[in-house]
Amino acid sequence: MESDKPVKTESKAAGGELEAAGSGVKSNIKEEMALLKKKAAKENIREELENLKDPARTQIYKSIFRVKHEPTPRSRSLGVLTNVFLHLHPAKINRDATRFSYTWGMGGITFYLFIVLTFTGILLMFYYHPSKGQAYRDILYLESDVPFGKLLRNMHRWAAHLMVITTWLHMFRVVLTGSYKTPREFNWCVGVLLLVLTLLLSFTGYLLPDDQLGFWAVTVGTNMARGTPGLGHEGPFGPQLGMTPYNDVRFALLGGSIVDANALLRSYIWHCIAIPTIASVLMAVHFWRVRKDGGISGPAPIALTSEMKGPGARAVKQSVK
Ligand code: HEM
């Protein structure tokens, strides 16, 4: 029994040596990792600088334009699989990215509302004349005499309010999930334009009933344009650049110096033709880009140990401790 003691101390000593050796190896690995990271960062910077010589190789260029595939069989099949027209449905999707709790479905709901607005808007065009005197009478006619006219008008109005809210919420979710980062920077910019167009659609639609609410909203809104730097006659550098109430940006928006018949006609054309057309083209680019950027971004492929379930979870949790 006594002879056991020295053996124990020996094994303890050996254990201590092993531990020391282990921590030595660990710190060596850490040092090497740090060195490698530094090297990789330098390499990345060098590569980015090198790429600047040929803009087609920069990340920004690749996030905007189509990228040519190498002429190898693998790249060719990739070319087909990632082409929206040749392969409408993506070959694979990130399962977590399809979770409602991740996207809130806000992009899809916004697009759905745009379709509702287009459909109800076209039907409203059958009853509406964009001329002073007639416009407000058409609204009264829609409200009281046209079958389902009230429903049609309110579907259009409520869908418009909702689209503004869902576009903001969609943008908010993109911020929360960091989905504006590489490679989605360009799509973020397309999104910003879509937000501006959504707000402009709302604003131009507001005047169309030609009621007091719309009239004063557009009066206030376009009066702000007087103060546009360089382009408004009351804005910084405006007068110096020759701006007057009869040639500045407010005049261009209203088609005159007061909110009247021309303003109504201009609002109508922007609202029913120009902005929806530009927005439709940009939406097509937006969806195409989602696909090209590898589909909807997914949550990072790591799990919190507190969220782990199933066999093996305990072992993982203990190893992390
Ligand atoms: C008319 C307005 C818009 C429509 C119809 C629309 C539609 C969509 C749809 C259907 C998606 C797929 C993922 C999802 O549903 O969340 C998406 C993704 C995206 N949208 Fe929009 N969007 C609009 C406005 C915006 C705005 C205002 C921004 C930001 C400024 C934005 C930035 C993005 C980005 C970065 C993605 C990729 C997100 C990811 O991969 O996780 N979009 N959009």
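Visitor: How are H5 and H7 oriented relative to each other, roughly parallel or roughly antiparallel?
Guide: Happy to start there. In this predicted model, H5 and H7 pack with their axes 8 Å apart, at an angle of about 155°. Angles over 145 degrees count as roughly antiparallel. The pair H5 and H7 is therefore roughly antiparallel.

Visitor: Which residue classes make up the contact of H5 with H7?
Guide: H5 passes H7 in a left-handed crossing. Sorted by class, their contact holds 15 nonpolar, eight polar and two charged residues.

Visitor: What is the hand of the crossing of H8 and H11?
Guide: Good one to look at next. The axes of H8 and H11 lie 9 Å apart, and the helices pack at an angle of about 155°. H8 and H11 are therefore roughly antiparallel to each other. Their contact divides into 18 nonpolar, seven polar and one charged residues. As for its hand, the crossing of H8 and H11 is left-handed.

Visitor: Which element gives the largest share of the shell around the ligand?
Guide: Let's turn to the ligand, which 27 residues surround, with Gly-107, Ser-179, Gly-191, Leu-195 and Ser-297 the closest. Two or more residues of the shell come from each of helix H5 (106-125), helix H7 (149-176), helix H8 (185-207) and helix H11 (261-292). The largest share is seven residues, and the element giving them is H8.

Technical notes
Residues numbered from 1 in each chain as written. Predicted model: local features only at pLDDT ≥ 70, side-chain atom pairs only at ≥ 80, totals over all residues. Near = placed C-beta within 6 Å. Helix = DSSP H or I, 4+ residues; strand = E, 2+ residues; numbered from the N terminus. Axes fitted to C-alpha atoms, helices over the stretch in contact; angles between N-to-C directions. Parallel < 35°, antiparallel > 145°, perpendicular 65-115°, else oblique. Left-handed = near helix turned anticlockwise from the far one by under 90°. Nonpolar A, V, L, I, M, F, W, Y, C, P; charged D, E, K, R; others polar.
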